[in-house]
Amino acid sequence: MSETQCATRGDEQDRAEGAPRRHRIAVLALPGVPPFELGIPSRVFGSVEDAEGRPLYEVTVCTADGAPVLSDAGFTVQPAAGPEALAAADTVIVPPTHAMPELGRGGPLPPEVTAAIAGIQPGTRLVSICSGSYVLAAAGLLDGRSATTHWNLAPEFRRAYPKVKVDEEVLFVDDGNVLTSAGVAAGVDLCLHMIRRDHGAAAANRAARMCVVPPWRDGGQAQYIDRPVPEPTVASTTATRAWALEHLGEPLTLARLAEHARMSLRSFTRRFRDEVGMTPVQWLTAQRLELAKQLLETTDLSIDLVAHRAGFGSANSLRAHMRTAFGVSPAAYRRTFSPHDPAGTRG
């Protein structure tokens, strides 16, 4: 019995016991796949369980034709399934390949990969890790969409796939049912983001703790792009960021942050962007939104109190920011993710 058949049998048993069907993830291993990136989905999604300890995801490693592939580390990857796993998946994840240099010139995919991708059902969530974005782009699946890849590959990627809107300064891009991540560890960030999107911040935080990684990393790829190392005497914004996280409910103006860091406004803003990859205001808003989501999920506070504690000042301001960032209101978010308020009575 194949792993795909086993997953179906397991789903049937779970449904008989009253549990929801597990979300099926197929990870497409291509020749030259790096083992680290290949293992990320199994490790991260495999740690997610419901309140009864039942797994919420079923992860299957497959290849385009069901045959083993040679990794870039020199050992062979024996897949659990072939292209049928892609057709049965709710999410397909494509790690990088270092054995298809023609993709860097906009060349075609091998026929068996093209056929396997063509079998993916409409509506399936598509994900790439690092230069796995080349595979999605070569298949035409990123045309007209926002995406990212490793910052060092962005100029080449942009030349090879001019129809893709490339943003090399972020750790990942969520463009609805197509998500792309930057290099290596950003694949972990993206997997945690998908867990957060599927099951809420509490589930993502638990998965992050199991993997011993931060549930959310500040900034984007901009902080990792090669730049001259600053002199040791140059001040850092690290302590001020840590302080701000403890005072999110208070008015935190740019002037107050700069004063805490003992810098001028101009120096603080420049140093902050160099270190984090975004402006202080953008960073502060992101941190407040994360706090608001956690409060909505884990407490029964009113929307007004959540807004106040997260530093948005009013429920209207929180609603506006959440609709802009996530497309939902605080009440709708709570109805989806909070066990405290299944009927959404406090929104």
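Me: At what angle do helix 2 and helix 7 pack?
Reply: In this predicted model, helix 2 covers residues 35–45 and helix 7 covers residues 186–199. Helix 2 passes helix 7 in a right-handed crossing. The axes are 10 Å apart, and the packing angle is about 35°.

Me: How do the residues of the contact of helix 2 with helix 7 divide into nonpolar, polar and charged?
Reply: Helix 2 contributes Ile 40, Pro 41, Val 44 and Phe 45 to the contact. Helix 7 contributes Gly 187, Val 188, Cys 191, Leu 192, Met 194 and Ile 195. Gly counts as polar. The division is nine nonpolar, one polar and no charged.

Me: Which element supplies the largest share of the largest nonpolar core?
Reply: The largest nonpolar core has 35 residues, and those with the most contacts inside it are Val 44, Phe 45, Ile 93, Met 194 and Ile 195. At least two residues of this core come from each of strand 1 (23–28), helix 2, strand 2 (57–62), helix 7 and helix 8 (201–211). The largest share, seven residues, is supplied by helix 7.

Me: With which residues is Phe 45 in contact, leaving aside its neighbours within four places in sequence?
Reply: Phe 45 is one of the residues with the most contacts inside the largest nonpolar core, and it also takes part in the contact of helix 2 with helix 7. Leaving aside neighbours within four places in sequence, the residues in contact with Phe 45 are Ile 25, Tyr 57, Val 59, Ile 93, Cys 191, Met 194 and Ile 195.

Me: How many residues does the second, separate core have?
Reply: Leu 30, Leu 136, Phe 157 and Val 166 are included in this second core. In soluble globular proteins, nonpolar side chains tend to be buried together.

Me: What is the angle between the planes of Tyr 134 and Phe 157?
Reply: The whole structure holds six aromatic pairs. Tyr 134 in helix 5 (residues 133–138) and Phe 157 in helix 6 (residues 154–160) form a pair that links parts of the chain 23 residues apart. Both residues are buried. The pair is edge-to-face, with 5.0 Å centre to centre and a plane angle of 85°.

Me: Which residues do ring pairs link into a cluster?
Reply: Tyr 134 and Phe 157 form an aromatic pair. Ring pairs link a cluster whose members are Tyr 134, Phe 157 and Tyr 161.

Me: Why is the pair of Phe 272 and Trp 283 edge-to-face?
Reply: Phe 272 lies in helix 11 (residues 265–276) and Trp 283 in helix 12 (residues 280–298), so the pair ties together parts that are eleven residues apart in sequence. Phe 272 counts as buried at 1% relative accessibility, and Trp 283 also counts as buried at 1%. Planes over 60 degrees apart count as edge-to-face. The ring centres are 5.6 Å apart, and the pair is edge-to-face because the planes stand at 70°.

Me: Is Gly 66 buried, partly exposed or exposed?
Reply: Gly 66 is found in the loop between strand 2 and strand 3 (69–70). Not counting residues up to four places away in sequence, Gly 66 touches Pro 79, Ala 81, Gly 82 and Pro 83. Buried means under 20% relative accessible area and exposed over 50%. At 33% relative accessibility, Gly 66 therefore counts as partly exposed.

Me: What percentage of the residues in the protein chain is buried?
Reply: The protein chain contains 15 helices and ten strands. Of its 347 residues, the buried ones make up 48%.

Conventions
Residues numbered from 1 in each chain as written. Predicted model: local features only at pLDDT ≥ 70, side-chain atom pairs only at ≥ 80, totals over all residues. Heavy atoms only, no water. Axes fitted to C-alpha atoms, helices over the stretch in contact; angles between N-to-C directions. Helix = DSSP H or I, 4+ residues; strand = E, 2+ residues; numbered from the N terminus. Left-handed = near helix turned anticlockwise from the far one by under 90°. Contact = heavy atoms within 4.5 Å. Core = buried A, V, L, I, M, F, W, Y, C linked by side-chain atoms within 4.5 Å. Buried < 20%, exposed > 50% of the residue type's maximum accessible area, 1.4 Å probe, protein only. Phe/Tyr/Trp six-rings, centres within 6.5 Å; stacked < 30°, edge-to-face > 60°.
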